[in-house]
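Me: Please take a close look at one part of this model, a single residue and its surroundings. Then set it beside the ring pairs and the nonpolar cores.

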Amino acid sequence: MKIYLLLAMFLIPLSGFAQSNTAISATAYVSSMTFDNSLLKDSAIQTGVYLYVGQGLNNVFEGAVDYYSQSNLPVTVGGVEYAQDDLTQTDYSFAYNNYGINSVKIRVGAHYIDTSHDATDGGYVLFTGANYYVPLQWNFGVDVYQSVYPNFEVTTSATTATTSGTTTSGTTGTSTTTTTTNPLPPPNTPPPAQQPGPAGQPRLLEPVLIQTTETVDFTVTQITPTLGLSFFDAYLYSETQLNYIMLGSDSGLDEDTWISLKEALSWYTGSWTFSGFVWGGSQVYAVTGGFTVVNSPEEKTGGWGASVKFVPTDSSSVTLAMDQTSFKDLLDERMATATGITLTGGYSF
């Protein structure tokens, strides 16, 4: 139902295509990603389309559909290898921008997630923001994102070491339990093998993994202020962005707040635009780039990227980009990297 509402919200303004003051542009992209030292991920491909519809001077409608497919690695537990299902996901986004107030842009929108990742399937994001700008000089704005995952699963894993039988004095063996909580469960393990002990001693059992899964409404609130500055007659543009993320109490993580800072630069010269960015800090379940939602169980710790855009005609463009992100699987302490190469083409009608 949420998908149909998003599509309806975007199709309504298309009735204005016949108006002479309507501007339309479309963008399509394909991205290839590889993962190094990841516990679960092997490689991925992502593709999508973005549509921009501007009506008059005050109204802009945006819509996007993105598809993501990820190949996963097998996981070895107790010497046994377990295959992991590959991940597929489709994201639907819609945004409305209003420029009715002088030098102010107001933005509202929604994002829906349809994924094979059960914990975040059916999740959605509502967002809004305001931006004040002085053309070719500077701009400042704040965006707020509220993510809701109604099918989020928190799994409690309890490892229990037990003994059975009786000792020579006739006392009963004891048991010890340690408990950890993860947003996703590790693979199921086979039943423990019973080890016989010496005569009159208790028989020892291998540790038993007991898992309890609970479905909760998990929420994420993100506040993102952005400052943009133009230099050298707007040939150089600098953008500084802070991401402040607050998790709901049912995340299963030790930390509730996550902060990161990003700096991006773009240089415009003729038909070319050269851009780059770097960021550091910590992010989980973040919304980045306006539409992209990161709903996988991992902590991102920093990254960088660079791109080259060429505009051969007034109505077309092509962009080649590369980026790399460091992250930590929340089910493992190892650090991993994701490297992506993206090709984008755009056309204005």
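Reply: Start with Ser-260, which is found in strand β16, residues 257-269. The model is a predicted one. Ser-260 has a relative accessible area of 3%. That value is under 20%, so Ser-260 is buried. Its side chain makes a polar contact with the side chain of Gln-283, at 2.9 Å. Leaving aside neighbours within four places in sequence, the contacts of Ser-260 include Gln-241, Leu-242 and Asn-243. Trp-279, Gly-280, Gly-281, Ser-282 and Gln-283 are also among them.

Strand β16 is given as residues 257-269. Lys-262 lies over the face of Phe-277, at 4.6 Å from the ring centre. A charge over a ring is also found at Lys-41: its charged end sits over the ring of Phe-327, 5.1 Å from the centre.

Now the aromatic pairs. The structure holds 15 of them. In one, the ring centres of Phe-61 and Tyr-96 are 5.1 Å apart. Their planes stand at 45 degrees, so this pair is tilted. Phe-61 counts as buried, at 13% relative accessibility. Tyr-96 counts as partly exposed, at 21%. Tyr-132 and Trp-138 form another pair, with ring centres 5.6 Å apart and planes at 45 degrees, so it is tilted. Tyr-132 is partly exposed, with a relative accessible area of 38%. Trp-138 is partly exposed too, with 35%.

Ring pairs also build a cluster: Tyr-149, Phe-152, Phe-218 and Tyr-285. These four residues turn up again in the largest nonpolar core, which has 21 residues. There, Tyr-149, Phe-152, Phe-218, Val-220, Leu-247, Leu-253 and Tyr-285 touch the most other members. Two or more residues of this core come from each of β8 (124-134), β9 (138-161), β14 (208-231) and β15 (236-247).

Tyr-149 shows the surroundings of one such member. Neighbours within four places in sequence aside, Tyr-149 is in contact with residues including Ile-113, Ala-119, Thr-120 and Gly-123. Val-216, Asp-217, Phe-218, Val-220 and Tyr-285 are among its contacts as well.

In soluble globular proteins, nonpolar side chains tend to be buried together.

Notes:
Residues numbered from 1 in each chain as written. Predicted model: local features only at pLDDT ≥ 70, side-chain atom pairs only at ≥ 80, totals over all residues. Heavy atoms only, no water. Helix = DSSP H or I, 4+ residues; strand = E, 2+ residues; numbered from the N terminus. Buried < 20%, exposed > 50% of the residue type's maximum accessible area, 1.4 Å probe, protein only. Polar contact = N/O pair within 3.5 Å; in protein donor to acceptor, adjacent residues only side chain to side chain. Contact = heavy atoms within 4.5 Å. Phe/Tyr/Trp six-rings, centres within 6.5 Å; stacked < 30°, edge-to-face > 60°. Lys NZ or Arg CZ within 6 Å of the ring centre and 35° of its normal. Core = buried A, V, L, I, M, F, W, Y, C linked by side-chain atoms within 4.5 Å.
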